[in-house]
Amino acid sequence: MTATAVVAGVGREARRTAVLLAAAQAIVGSAAPIAISLGALAGQYLLGPDKSLATAPVTGFNLGVALGALPAAAVIRRLGHRGGFMTGTVITALGGLIATLALYQASFWLFAVGLGVIGVGGAFVQQFRFAAADNAPPEFKARAISFVLAGGIVTAILGPQIVIYTRELLAPVMFAGSFASILVLAAVGAVVLSFLHATVPAGRVATTEQGDARPLAEIATQPRFVAALFCAVGSYALMSFVMTGAPLAMVGCGLSTDDATLGISWHVMAMFGPSFFTGSLIHRFGAERIVAVGLVLLIGCAVVALSGLALWQFWTALILLGLGWNFSFIGATAMVAAGYHPSEKGKVQGFHDFVLFGSVAFASLMSGAVYNAWGWTMLNWLVFPVVVLCFLALGALKLPGLRAAN
């Protein structure tokens, strides 16, 4: 077999893997918008007069993603992509079951636990983008990441539509039908993932290859890795911070639950819609420039949100929030993916997602506290200092000393 044929075969396999992971992202990933759009509203429904902890279930979801990051990476390393990802769907289904039972029992904290378990399943979904990059040749890595995330376009439509059509399905228990539907999504996702080709688990990789792996501390202190992680955390935490508070603010301003749900739908569509071409933009202009564009869009989100409380302003702000997340987060992920060797991927990806989603969980919890104390306006004013810090982290890479270190 010629070298050209081998390269072509690798490219075809990378595209096949990306297609399957994009489909799984669209299906299993729909659990996330269900949890996010209904988590705070169901929390309000379950709480008494004091609603300050209404966003705690959403925090539980994000905390589950954070705490599940390292175990998910370890399971995938042990079982390979197919076995590991199918394990994740079982965990997602379990979380949906717990959340449904909690709503029947009117148990706020059990509901938060259920969303936490859904979040642990979500930690496996977060590994899809890395799996696509790991199986791709260097010139296709950024495109593979963006292609998988493009599956979120279906998520943007499927998740909110499931909410609209199922939230009263098991009446009089509000929202129970939506969380019960997560079991179906997990089952269909498992079927899709079963078509992945079996991979050799990383735990069985030859000792010589493992010997080439650098310590995590050495990788995590590279200036480019630090800047990428900082921008990923900043952009994702801001997205969670504003998005978690948005449904509460919309309903609080007299808009309907359907308006709030459709706002999240537009937001998620904006999060993943540009993914068809974000990878090409990164390949052409560089990851740092695309991250910078995303940060500017996040500023635009805050400006629009601060301009008024009409429905179009909420929806426009959420769309800009999604677009800003897409460019800044995919760009930062591409920077991270370029900073480690294949033998280092498990520990680096697990560490990255642990830090990332730990920060996101904190942001979602603070969203409810800030909204209840100071309102929607303060949520958006806090966007500006975080974006400035992200720009400083990117700008630091241009300093002569750090440029040489990279």
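Alanine 106 is exposed, with a relative accessible area of 53%, where exposed stands for over 50% relative accessible area, buried for under 20% and partly exposed for values in between (1.4 Å probe, protein chains only). This residue is found in the loop between α3 (56-105) and α4 (108-126), and although alanine 106 is not a glycine, its phi is positive, at about 55 degrees. Helices here are DSSP runs of H or I with at least four residues, numbered from the N terminus. The model is a predicted one, in which local features need pLDDT of at least 70 and side-chain atom pairs count only at pLDDT 80 or more, while totals for chains, interfaces and linings use all residues. Residues are numbered from 1 along each chain as its sequence is written, and side-chain values use heavy atoms, with hydrogens and water left out.

A positive phi, of about 75 degrees, is also found at phenylalanine 175, which is not a glycine. Phenylalanine 175 lies in the loop between α7 and α8 and is buried, with a relative accessible area of 6%. The loop between α7 (152-166) and α8 also holds proline 172, and the peptide bond that leads from alanine 171 to proline 172 is cis, with omega near 15 degrees.

Helix α8 (residues 176-193) packs with helix α2 (residues 31-46) at an angle of about 170 degrees, their axes being 10 Å apart; axes are lines fitted to C-alpha atoms, for helices over the stretch in contact, and angles run from 0 to 180 degrees between N-to-C directions. The two helices, α2 and α8, are therefore roughly antiparallel to each other, a term that applies to angles over 145 degrees. In this contact (heavy atoms within 4.5 Å), Ala31, Ile34, Ala35 and Leu38 of α2 meet Ser178, Phe179, Ser181, Ile182 and Leu185 of α8.

Threonine 244 lies in helix α11 (residues 223-252) and, at 1% relative accessibility, counts as buried. A polar atom of the threonine 244 side chain lies 2.6 Å from the backbone oxygen of serine 240. When neighbours within four places in sequence are left aside, threonine 244 is in contact with Thr55, Val58, Ser364 and Ser367.

Cysteine 390, in helix α18 (residues 383-396), likewise counts as buried, at 1% relative accessibility. Beyond its neighbours within four places in sequence, cysteine 390 is in contact with Phe230, Cys231, Gly234 and Leu295.

How values were computed
Angles under 35 degrees count as roughly parallel, over 145 as roughly antiparallel, 65 to 115 as roughly perpendicular and the rest as oblique. A polar contact is a pair of N or O atoms within 3.5 Å; within protein, one must be able to donate a hydrogen and the other to accept it, and residues adjacent in sequence count only if both atoms are side-chain atoms.
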